[in-house]
Structures are given as structure tokens and as C-alpha cells.
Amino acid sequence: MVACIDGHDLPQGVMWRRVAEYTGGKWVRRANGTYDQNVFSYYTSVSCNHCQNPVCVKVCPTTAMHKDEQGIVSVDPDKCVGCRYCEWNCPYSAPQYNKQSGRMTKCDFCKDRLAAGLKPLCVEACPMRAIHFGEYEDLKKQFGDAVHVAPLPEQSVTSPCLVITPPHNAQPVGSNMGSIRNPEEM
Amino acid sequence: MLGGHLDEYGTYSTAQISAAIPYLYGINAGNTINDMANSKLIVMFGCNILETRQSGGGLSYELFEARKKGNARIIMVDPRYSDSMAKLGDEWVPIRPGSDGALIAAIAYVLMNEGLVDQQFVDTHCLGFDEEHMPEGVPAGNSYRAYIMGEGPDKTVKTPQWAETITGYPAEKIIRLAREIGSTKPCCVIQGWGPQRHANGDTISRSIAMLAILTGNVGIAGGGSGSAESVSQIGFPRMPEGTNPVKTRISFYTWVNAIDDYTQVTAKKMGLRNKEKLDHGIKFLWNSSGNALINQHSDINGTRKILEDESKCECIVVVENRMTASAKFADILLPSVTPLEQDDIIQQGYQVDQSSLLIARKAIEPLFETRSQYDICAALSEKIGKLLGQSDLATKYTEGRSQLDWVKHLYAQARAKKPELPESFDEASKIGLFKWFPMPQKVAFKAFRDDPAANPLKTPSGKIEIFSKRLWDLNQAWELPEGDAIYAIPVHEKTWEGPCDYEGMKKHPFQLIGHHYKGRAHSSYANIPWLEQVAPQQLWMNEADAAQRGIRHDDMVKVFNDRGAVVVRVKVTPRIMPGVLSLPQGAWYTPDKNGVDQGGCINTLTKTHMTPLAKGNPQHTNLVDVVKI
């Protein structure tokens with residue numbers, strides 16, 4: 001998150017990448033003061049999934065939100081009027097409103113960096129090398145078919161170009177076993 | 001150069017483990033993280049590598065890769081479900097802070113009862129396991145076995161039933177855990193620096209190592225000593241520090257005592273080394289780039305009273321580039337450069353699979369009147385030289401070199417070690433970062449394991465001293481406060497404000513720890529809004545405890561005890577044990593006009609009470625209460 005904020009000079013409150021903590025499980029106290037628990041927790045990092053069926057593009061009244069020939073979904077700031085309708089519709093919170101400019105902004109896949117042969121900032125920054133990028137079909141070949149996990153929505157909504165290697169304690173999409181426990185960090 | 005200085009031993013990071021483990025093994029060492037690729041089972045005590053050893057070349061990635069290679073099952077013992085647990089843990093064993101000694105004693109009981117102790121290893125490599133293998137001059141009933149089986153002075157058998165009330169972890173789960181540890185080899189038992197930073201850290205650190213010893217996993221690939229990990233690195237030369245003719249050393253933690261009442265800082269009472277007592281107290285403090293003055297040291301309210309008394313410490317100089325809490329206590333505050341405004345040469349940090357050297361050139365010239373530490377000291381050496389009539393003092397200090405000259409000099413010395421480095425410093429500067437990998441997997445005490453007679457340990461007996469006669473003697477020789485003791489064997493040590501302080505819990509029912517937070521490095525970067533945004537300072541509180549008090553996630557709460565009060569936002573979560581709170585350490589102390597800390601600094605609540613052996617910091621041992629405000 002921070003590499004992206006730093007590299008793109010984003011003001012406070014605008015986050016092109018967000019990491020959700022999905023946590024669940026309960027504690028049960030025994031009579032003798034000992035405990036049983038089934039707590040689980042994992043993180044999911046999402047920016048914009050440059051969807052195949054981008055609902056943000058569909059609903060944008062000015063055509064500011066668009067998908068280019070590379071497949072990258074981005075906002076044309078000259079056309080955007082800041083109505084925030086894309087923000088309402090995106091199930092991943094990708095479009096982020098910038099109060100200072102009055103426009104929508106979002107992850108643009110660091111397309112300027114890509115053009116210069118560099119990697120996106122988040123990919124370079126991740127200390128665990130958890131983020132990879134490339135053509136969707138290539139990623140599926142490398143990491144397996146796209147299986148999403150809670151707290152992400154059903155893929156059928158927008159057909160996101162996102163491949164996830166599920167963590168060992170993953171919950172399926174739609175699970176009610178846990179919830180997002182760090183809304184203040186997103 | 002001016003005659004020497006009072007030196008120190010120990011650090012806030014590792015006081016207890018560094019002091020205690022050498023009584024077991026002669027030195028403190030562990031296997032390297034990359035060796036975990038050889039483990040079948042890894043049991044981590046308070047070892048949160050993914051949050052405390054990040055960075056691209058850091059141990060977090062190392063651990064991840066080792067686990068991918070070896071596929072070990074990972075069990076994490078921690079009152080908190082850390083990010084390491086989230087990512088890598090297969091099973092969470094939550095126990096009350098400070099109760100590791102009890103858990104391990106019960107595991108030892110099961111191992112002994114069920115024939116899972118590596119008896120051959122213990123008989124040939126260890127001293128003090130049972131009555132038959134004890135040193136001279138110790139009365140019967142003081143062996144480790146006697147302690148576990150209730151045949152010692154406390155007449156208490158360390159059964160899982162005994163341990164479950166202390167730890168909060170059910171007896172039958174302790175039994176299963178013991179069986180798994182006892183029958184899976186190689187098993188790597190490892191600890192972080194959290195368990196030892198307790199009032200009973202002197203014994204906890206040794207207790208954890210006992211699991212590796214009892215199961216014979218010491219000195220084998222995929223096993224470990226049970227202490228913290230070692231790192232293998234190429235050691236490059238550093239700036240010379242001169243020779244200090246003064247051999248007197250105080251425990252790092254007792255600098256406040258040396259200011260407050262130096263007559264108490266004696267060898268017998270406070271572990272003064274190489275001298276019986278101090279001749280005078282500390283009258284002048286020079287604090288460089290550190291926030292331990294006020295913020296990172298215990299009991300801020302108590303400590304600040306001592307520092308504010310100008311009859312005690314007469315002058316405090318602080319060198320800083322941010323207005324930290326410590327900077328606010330300066331009589332003289334010297335503005336220092338940031339890393340971006342100075343040339344430097346940096347060796348690797350906590351990396352295992354690679355070693356590195358970084359030539360860090362300044363990005364800009366120092367702003368305003370800031371100067372680097374080196375430039376400050378060089379200028380001082382000239383002024384002091386004039387005052388003392390030693391006109392060559394400055395030259396003696398600088399050796400005629402500027403800071404950049406020193407970087408070039410140290411680079412040349414590094415080249416002597418690694419001739420493949422470019423001859424031209426300018427070329428090296430352009431490249432900047434040099435890496436060597438992979439570094440070898442290292443197994444601590446392998447030679448000793450393979451042949452204990454030929455390769456004795458640096459202990460008096462040459463063996464692993466489960467019972468240490470030196471500690472037995474120390475307990476008699478030193479003067480310790482009421483309730484404190486030094487234990488010759490790794491026991492469950494009961495202390496003030498620990499998990500067995502039921503009296504204290506009547507007034508302050510919660511145990512408070514201060515985990516090290518991924519959002520900053522101790523207190524560095526706590527003031528960066530971008531980091532605060534994604535990792536805000538929050539008190540971790542269990543859901544059931546919060547519900548009981550009408551506290552909801554993101555509420556403002558006051559957490560307090562007799563030493564102080566802190567106001568902070570709360571994270572209500574199942575990721576921490578009931579009865580336990582965690583206030584991540586390193587937040588900036590920000591008292592309001594009533595002295596209530598608005599910054600969320602845990603040391604507003606911690607106690608100044610040095611541990612018996614290491615004379616170290618017990619900063620995770622606290623009892624508090626919490627209310628919604």
C-alpha cells in the first residue's frame with residue numbers, strides 16, 4: 001500500500017491498494033479457566049482487477065472510466081466529473097475519490113512504469129514477493145485457475161483478472177465464518 | 001581518548017536471553033533460519049518473524065522459503081495470533097504471557113513419563129538432568145527431574161493439570177503437544193525475543209531451550225538449540241571505537257539507577273561488573289539518535305521525575321532529527337542529519353541466506369544547521385582539545401579523515417575481505433548494493449553434538465548445564481529484592497504482575513504486553529501519516545472482554561494502572577487471548593496537561609524492576625485495567 005501511495009503521491013485517504021484482514025473464530029471458556037478457540041485470520045491485497053467485465057466502465061456517465069487496448073482500466077481526469085458512481089458499483093473499492101482534485105482515481109497498473117520496462121510499484125515493494133503481474137492467461141498457467149476467497153465477491157460479477165493462491169486457512173467466497181476486521185486501515 | 005568511560009552490557013532487545021542462555025550452552029547461538037528446510041516440525045515461542053524481520057532480504061522471506069522447501073508443520077505459541085501465525089502457522093497455542101515456563105515444565109513431565117526424552121543425549125551431553133548427573137556441592141533434590149516430578153523443595157508435580165490453570169491451555173492439549181514434539185524429529189524449537197522480555201525472562205529463555213535439549217534436537221540439521229536464530233554473515237570492518245581503559249560495566253537498564261542513586265548500583269545488588277560499586281553517579285547524558293531516554297525505557301512517569309531533577313543528572317544532550325519525547329528532555333538539542341543527508345557504508349541487517357554491503361551516498365547536502373554524528377564529534381574533539389591543551393585531539397579522533405574519507409577507507413578494508421568488489425570507489429558507489437548468496441545453513445553446537453569430549457562447550461563442565469552451579473552460587477552471593485531469585489534450573493518463575501499474580505489482578509485484571517508492530521521500527525517512523533494510515537496504533541483486546549465492558553471496535557479507551565494512563569483506539573479482535581491486552585510498543589509518548597498519554601506509549605504503564613539475573617527490562621510484564629471513554 002505504502003509504496004503505491006509514495007510513488008503516486010496520493011493524499012491521505014486515497015488508497016489504490018488495500019489490504020483486508022479477514023478474521024473469524026471464537027473463544028470458549030471452560031469451567032476451569034482454560035480456553036478452546038478456532039480463530040483464523042488472513043490478509044488479501046487488492047488494487048484494481050482490471051476486470052474483463054468492468055462495471056465501473058459500464059456505469060460511468062462521461063466515459064472517463066475506460067479500458068484500453070492493453071486491458072488496463074483507468075480514469076481520464078479530463079472527462080471525470082467526480083460523481084463517484086463507479087465507486088458505488090465496484091465490488092473491490094478500486095475507484096478512490098480524491099477530495100483535492102474532485103476526481104476519481106485508481107490503480108492504473110503503473111502503466112507509465114510498464115512502458116519504461118519497469119515493474120509496478122507494489123510488485124517491487126512486497127517483501128514476501130507475494131504480488132506478481134502479467135497477462136491473465138499466463139498467470140493462470142503459472143499459478144492455477146482463478147479461485148477466489150472471502151472477503152472477495154463472486155468472480156461472475158465483474159470477471160476480475162485476478163489470480164489468487166489461497167492461504168492455507170482460506171474461507172470460500174460468500175463465507176460467513178469471518179469478516180473484515182481492519183476497515184479503518186482501508 | 002579522554003580517559004575512558006563507564007561501559008554497559010546487555011540491550012533492551014535481548015537482555016535476558018543473552019545473559020541466561022550462556023549458562024546452558026556457554027554461548028548464545030541457534031541454527032540459521034534456512035536450516036528449517038530440514039525440519040519436520042517447527043515450534044515457535046513468541047517468534048513473529050513476519051512482522052519483526054521484514055525487508056526484502058530479511059528473515060521473513062527466508063522462513064517462507066524454508067517452509068516451502070521442507071514442508072514442516074508449524075506450531076506457534078503466543079498470546080497473540082500474529083501475522084506470522086496467519087501466514088505460516090498450522091496451529092495456534094495461546095498461553096498467558098509469562099507462562100511459557102509452566103507449559104514447558106508440563107511438556108517435560110509428559111516426555112519423561114512417556115519415555116520420549118532422548119535419554120542417551122541427555123546422559124552424555126548434559127549436566128543436571130537427574131540426581132545421578134549433578135555437580136558437586138549441591139544438596140539432593142535440586143535436579144531438573146526432581147523439580148518436574150515434585151521431588152524437589154516445592155513438592156509440586158508439574159503435571160499438565162497443574163500447568164493448565166497457569167497457562168489457560170487445556171491439559172489434554174498440552175499432552176498432545178508434548179507427544180508431537182517428543183516424537184517428531186528433526187524438530188526445531190525456536191524463540192523470538194518476546195518471551196525473554198518478561199520479569200521471568202531469565203528462566204523462560206532457558207525453559208524454551210529445554211525442549212530442544214530433552215528431545216535431543218540440539219546440534220542437528222533441522223533441529224536447533226531452542227534459543228533464537230543465528231544469522232550467518234560476512235563481517236565487514238566497522239569504524240574503530242578506540243580502546244576503553246575503564247572496564248566497569250553497568251547493565252544497560254540501570255542507567256537511571258546510576259543517575260538516581262548511584263550508591264545502590266553495586267556488584268551484589270545491580271550486577272555491576274568489574275567493580276564492587278560506583279564512585280559517583282551519572283551527571284551528564286549524551287543521547288544520540290535514541291529514544292530510550294523517555295519513550296522506550298520503563299515507567300515513563302517515574303523515570304521523568306528522576307531526569308527532571310537537575311541535582312541528579314545535570315546536563316542532558318540529545319542528538320536527533322525529530323522532536324521525539326527524548327528530544328523534549330534535552331538541555332541541549334543538537335539537530336542531526338537524516339540518512340539521506342550523509343555518506344555511509346552499511347553491512348547487512350537480519351538476513352540469513354545472503355550477506356550484503358551497501359554504499360549509501362548522500363542524496364542532498366545537510367539541511368539548515370544539521371550535522372552528522374561524526375561531524376559533531378569531530379568538531380567537539382577540536383574544541384575540547386583546545387580546552388585541555390591537547391592540540392592533537394581532533395587529529396587523533398578523525399585520523400585526518402572526513403566522513404566520506406572514512407567510508408572510502410572502510411570500503412577499501414571491505415575489499416580486502418572480498419576482492420571481487422570493484423577497485424574504484426566511484427564505480428562501487430554507482431552500483432551501491434552488493435550481495436553474496438546463498439550463505440550456508442548453520443547448525444549451532446554441531447561439533448559438540450557429534451563429539452562432546454573433543455568439542456566441549458564453554459561451560460564449566462563442558463556440557464549443557466541444565467543445572468548451573470554458577471547460577472546456584474550467584475543466587476546465594478547476590479542481594480535480590482523480596483520475591484526475586486536466580487534459579488539454577490529452568491523453572492516456571494513466579495513474579496510480580498505475572499500470570500500467577502492473582503492478588504494484583506484483583507485491582508488490575510488484564511495482563512498487558514507490547515508486541516512489536518509492523519507499522520514502525522520501535523519508535524522510528526511512528527510519526528509518518530502514511531504508515532499511521534495503514535497501521536494505526538491500537539490496543540488489541542479480545543472480543544468477549546470488550547463486549548463485557550461495552551467496548552466496540554475503534555472506540556477510544558483508557559488503559560491504566562498505578563504507574564500511568566494511556567488513551568488509545570482499540571482493536572477488538574479474537575486474535576488475542578481473553579484476559580490479555582497488547583499495546584504495540586514504540587508509539588510516541590504524548591502527555592496531556594493531566595499527564596495522560598495520548599500517544600499510546602506502553603512505557604507509560606511498564607515497571608522499572610530489573611530481572612534477577614540479567615538485570616534487564618521486563619517490559620511485557622504488566623497488569624492494567626481498561627475502560628471505554
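These legends accompany close-up views of a predicted model.

View 1. Let us start with α1(B), which spans residues 15-25. Of its 11 residues, 10 are buried, so the helix is largely enclosed by the rest of the structure. The buried set opens with B:Ala15, B:Gln16, B:Ile17 and B:Ser18, continues through B:Ala19, B:Ala20 and B:Ile21, and ends with B:Tyr23, B:Leu24 and B:Tyr25. What do these buried residues pack against? Their partners in chain B are α10 (201-214), β14 (464-465) and α19 (469-477).

**View 2. Where chain B meets chain A.** Here 31 residues of chain B are in contact with 28 residues of chain A. Which helices of chain B each supply at least two residues of the side that touches chain A? They are α3 (59-70), α4 (83-88), α8 (160-167) and α21 (529-534). The largest share of this side of chain B belongs to α21(B), with 5 residues. Sorted by class, the side of chain B that touches chain A holds 17 nonpolar, 10 polar and 4 charged residues.

**View 3. Two cis peptide bonds, one shown in each chain.** As background for this view and the next, most residues other than glycine have a negative phi, and most peptide bonds are trans. In chain A, please look at the bond joining A:Ala150 and A:Pro151, which is cis with omega about 10 degrees. A:Pro151 sits in the loop between α6 (136-143) and β9 (178-180) of chain A. In chain B, a cis bond links B:Phe437 to B:Pro438, and omega there is about -5 degrees. The loop that holds B:Pro438 runs between β13 (433-436) and α18 (446-450) of chain B.

**View 4. B:Asn295, a residue with positive phi.** Although B:Asn295 is not a glycine, its phi is positive, at about 135 degrees. You will find B:Asn295 in the loop between β8 (284-288) and α13 (300-308) of chain B. Is B:Asn295 buried or exposed? It has 28 C-beta neighbours inside 10 Å and therefore counts as buried, the cut-off being 20 or more.

**View 5. B:Lys615, in a loop of chain B.** B:Lys615 is not a glycine either, yet its phi is positive, about 55 degrees. The loop in question lies between β19 (580-582) and β20 (623-628) of chain B. Because B:Lys615 has 26 C-beta neighbours inside 10 Å, this lysine counts as buried.

Definitions and conventions: Residues numbered from 1 in each chain as written. Chains lettered and ligands numbered in written order. Predicted model: local features only at pLDDT ≥ 70, side-chain atom pairs only at ≥ 80, totals over all residues. Buried ≥ 20, exposed ≤ 12 C-beta atoms within 10 Å, placed from the backbone. Helix = DSSP H or I, 4+ residues; strand = E, 2+ residues; numbered from the N terminus. Contact = placed C-beta atoms within 7 Å. Nonpolar A, V, L, I, M, F, W, Y, C, P; charged D, E, K, R; others polar.
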